[in-house]
Amino acid sequence: MNYERSVSAIPHELAPETVWNVEMPELRVGRGAIEELGAQLSALGVDEDARGLIVTDGTLVDLGHADRVADNVEAAGFVVDVYDGSEREPSIESVERCISFVREELGEEGYGFYVGLGGGSCLDTAKTTRAVVANGGEILDYVAEPTGEGEPLTDSGPPLVLVPTTAGTGSEISPVTILSVEEKNVKEGISSANVRADAALLDPTLTTTLPPELTARTAMDALGHAIEGYTTHAYDELLRPEDPADRPVYAGRTGFTEMFSERAIALLSGNVRKAVNNGDDLDARGAMLKGALYGAIAGLTAGANLCHAMAYPVGNNYHTYHGETIAVLTPASTLGYNVASDPERYARVAELLGANTEGLGTRAAADLAREEFLRLQRDLNVLPSGLHDLAGVTEDEIDRLARQTVDTQQRLLRCNPRPVTKADVVDVFEDALYNWE
Ligand SMILES: [Fe+2]
């Protein structure tokens, strides 16, 4: 057994981990869930005459979704304002603007509740805003050193309900918010139990307006979470921390996360073609939302690894969409390099993706996972065929990307089920340049 990964859980007893725990917002899932937003806010203890803020973007206002959400909040007797300035892949400056809006409207106290509505960017803007207003100061106080001050968030603030309109990022349940630091060309996260939302409300009727490209991209991110979580190290391969609070956020797979992974892989791969080709298919949209939720429960608890580690430098250098980057890198990393770590497990992934593995040996069945995943991506017709097609990446740029991966992503690389050196990362990037002609 290899305990090197436990560097993320110091101090620890010299004994294997024996405990896992799950923290989750309250969930309401299904058609019409949005009509229960008022009830959800009351259940979270929001006062009758409280004034809240919906954090969203201009597109969701134009589509009428912000009004629909506001109507449901107001019908329950609450007063609500709308902030529609969230930006894609939000920079620290763009979220500071939302925080300033809150302080100008209501002073340091802020609103009595918050609702995040939109894709991962809107949800992260809402999560960060609530946390920073509640704890005072500015965002950089809470971003990890050396970019920020690394201060802990001690107060979770007033209730926050997240309403995703894409099926993919998992931000609605995660304890992390991702912000880009423009002058440094990097992304930073604030990771804290006090960033996690109090409730998430998943209603497929809010996702039918999502265009095919975005549907495909976010689905690939969700599928990545599900498969990476399913194939990462087991929780008891870590050492048990002396203080449970020191247990790492990505604590390894458990029987609980594996159940969610299996269901997520089947739901996402079984419905994404329908959701991309007919956005109004509410059954497919509902299945995608659930698949993304399950994928997030699995992947964001058990942990992402090599593929997500490689995706961050690519995103930082080329400003690609996260989901597309995951789509392009998954075949060579998760479903390529990592297969040797546990072929039997990957043979199961192949089956869950819909491959017929009958009569095949374990390794041949395991390798079908990659083929089946590529077939799915090609069928969708809206995804790039490799790193080159994604962002014009050439062979010459790979060394730099690999160096950035090993220099900045040890947190994720440590979780990889197969040890990775820089030379391995170079090979995987090369393998990801062209996934198909
Ligand atoms: Fe992701």
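Reader: How far apart do the end C-alpha atoms of residues 26–204 lie?

Author: This is a predicted model, where local features need pLDDT of at least 70, side-chain atom pairs count only at pLDDT 80 or more, and totals for chains, interfaces and linings use all residues. Residues are numbered from 1 along each chain as its sequence is written. The span is 30% helix and 23% strand, as DSSP runs numbered from the N terminus (helices H or I, at least four residues; strands E, at least two). Its end C-alpha atoms lie apart by 17 Å.

Reader: Which strands stand at the edges of the open sheet of six strands?

Author: Pairing is parallel, in the order S2-S9-S6-S5-S3-S4. Two strands pair if DSSP finds at least two bridges between them. Each edge strand has a single partner, so one side of each lacks a neighbour in the sheet. The edge strands are S2 (26–29) and S4 (79–83).

Reader: Which residue is the bridge partner of Gly52 in S5?

Author: Strand S3 (residues 51–55) pairs with strand S5 (residues 113–118) in the parallel sense. Four bridges join this pair. In S5, the partner of Gly52 is Phe113.

Reader: How many residues of domain 2 are in contact with domain 1?

Author: The domain assignment, automatic or from a database, gives domain 1 (32–202) and domain 2 (210–431). Contact means that C-beta atoms, placed from the backbone, lie within 7 Å. Domain 1 contributes 14 residues. From domain 2 the number is 22.

Reader: Which strand gives the largest share of the side of domain 1 that touches domain 2?

Author: Three residues make up this share. They come from strand S8 (residues 186–191).

Technical notes
Contact = placed C-beta atoms within 7 Å.
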